[in-house]
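Please look over the sequence and the structure shown here before reading on.

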Amino acid sequence: MQIVTKSTRTITLDLKRSQTQPHHGKLIVHVEECLASKITTEIVFRCSSLESKDLFSKSDPFLVVSKIVEHGTPIPVSKTEVLKNNLNPIWKPLSLSVQQVGSKDSPLIIECSDFNSNGKHSLIGKVQKSLADLEKLHLAGQGINLSLPTGAGQNKVLKSQLFVEKFTETVQHTFLEYLASGFELSFMVAIDFTASNGNPRLPDSLHYVDPSGRLNAYQRVTIMDLGEVLQFYDSDKRFPAWGFGARPIDGPVSHCFNLNGSSSSYCEVEGIQGILTSYTSALFNLSLAGPTLFGQVINAAAMIASQSLAQGSRRYYVLLIITDGVITDLQETKDALVSASDLPLSILIVGVGGADFKEMEILDADRGDRLESSTGRLASRDIVQFVALRDVQHGEISLVQALLAELPSQFLTYMRIRNMKPIPL
């Protein structure tokens with residue numbers, strides 16, 4: 001992670017026998033991107049004769065494309081929009097870079113599922129093909145039958161077929177090229193302090209600080225998981241950090257307050273450890289309240305991104321929101337997201353606990369419908385990725401992999417919209 005942020009793509013590491021003994025030489029590591037990694041394919045998929053998974057209506061199908069990594073684990077790399085009530089769908093073009101999938105011959109799993117608002121989507125069928133295979137299907141004008149696992153390693157071949165209506169290749173700037181040319185990802189965090197989390201002094205609370213040192217869900221998500229990754233892309237390691245849904249001592253309920261305790265506009269903390277320390281301190285200086293509102297923290301992050309853009313800074317901001325509840329300002333949140341979609345900003349939302357997070361699926365816009373503000377304005381792009389912690393806690397995909405799956409494409413979409421290109425340092 002450190003090496004890809006270097007303009008020279010080179011890093012020098014000290015070799016040691018132990019922490020207490022003197023250095024024993026240096027290791028110089030240099031990386032380069034090959035031309036193939038800059039190739040992006042645009043694919044239009046369609047399906048025919050899909051099976052209906054709904055009792056009183058047709059399926060609402062969408063595709064998820066996953067690459068297969070070590071030990072055969074599938075990692076999602078892209079997905080289509082949801083097409084409602086359609087058994088013969090043709091989806092909008094899907095972009096897949098060779099960099100995302102490994103190589104043109106790397107196996108991909110393409111799953112077609114029926115969308116359900118509760119997040120428990122029903123698998124309709126799937127195929128395994130590489131980009132090279134998909135190109136051949138397109139050139140031959142042929143489809144391939146979907147199959148459905150039936151248990152004991154067996155697959156049932158379905159009459160449903162997948163077709164490749166379009167397959168084109170272009171060479172584009174990559175995520176790593178932008179990072180190497182001086183663009184940074186700036187990390188921000190907002191933490192839910194609403195009463196539904198439970199009394200922090202009791203072990204059953206999501207905010208319980210265990211004396212044994214075991215991290216709670218908020219600490220683990222912020223420090224051990226996402227923060228540890230994103231901090232390498234932020235040179236000054238100073239992170240804006242807020243809380244929401246609590247009542248400071250002798251004050252009204254606030255839906256956006258500085259986690260560092262400052263009453264001024266200064267909202268930054270020093271490093272990941274600063275977030276952890278400020279979070280723990282806040283737990284003992286606040287009264288948990290409610291309701292759960294996102295609008296103000298999103299607007300606060302958008303203000304920082306807007307000021308940075310006006311100053312010509314080469315920063316792209318990533319706001320992590322960790323929450324346990326259902327938001328009660330859905331339209332206000334939509335308004336804030338639509339406005340922020342024009343800014344260098346992505347928002348990652350992690351749901352902790354056992355709440356019903358179906359409204360988060362709406363914010364994520366994975367159904368293909370762009371968010372619409374109260375004035376009828378549509379978001380210029382999707383900037384939200386939502387993951388429920390319970391869905392990845394015991395799965396094959398880590399929280400970080402699930403959260404960051406869409407970040408490079410969101411970043412590149414913003415750069416293309418703004419016609420911003422990497423400039424070698």
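## Basis of the description

This is a predicted model, in which local features need pLDDT of at least 70 and side-chain atom pairs count only at pLDDT 80 or more, while totals for chains, interfaces and linings use all residues. Residues are numbered from 1 along each chain as its sequence is written, and side-chain values use heavy atoms, with hydrogens and water left out.

## Helices α4 and α5

Helix α4 (residues 217-230) and helix α5 (residues 271-283) have axes that come within 10 Å and cross at roughly 170°, so the two helices are roughly antiparallel to each other, a label given to angles over 145 degrees. Helices here are DSSP runs of H or I with at least four residues, and strands are runs of E with at least two, numbered from the N terminus. The axes are lines fitted to C-alpha atoms, for helices over the stretch in contact, and angles run from 0 to 180 degrees between N-to-C directions.

On the α4 side, the contact (heavy atoms within 4.5 Å) includes Tyr218 and Ile223, and on the α5 side Leu276 and Tyr279 are among the residues involved.

## Glu169

Glu169 lies in strand β10 (residues 154-171) and is partly exposed, with a relative accessible area of 36%, where partly exposed means between the limits for buried, under 20%, and exposed, over 50% (1.4 Å probe, protein chains only). Leaving aside neighbours within four places in sequence, Glu169 is in contact with Ile39, Thr40, Thr41 and Lys104.

## Ser373

Ser373 sits in the loop between α8 (358-364) and β19 (384-388), and at 10% relative accessibility this residue counts as buried. Beyond its neighbours within four places in sequence, Ser373 is in contact with Gln331, Asp335 and Val338.

Notes: Angles under 35 degrees count as roughly parallel, over 145 as roughly antiparallel, 65 to 115 as roughly perpendicular and the rest as oblique.
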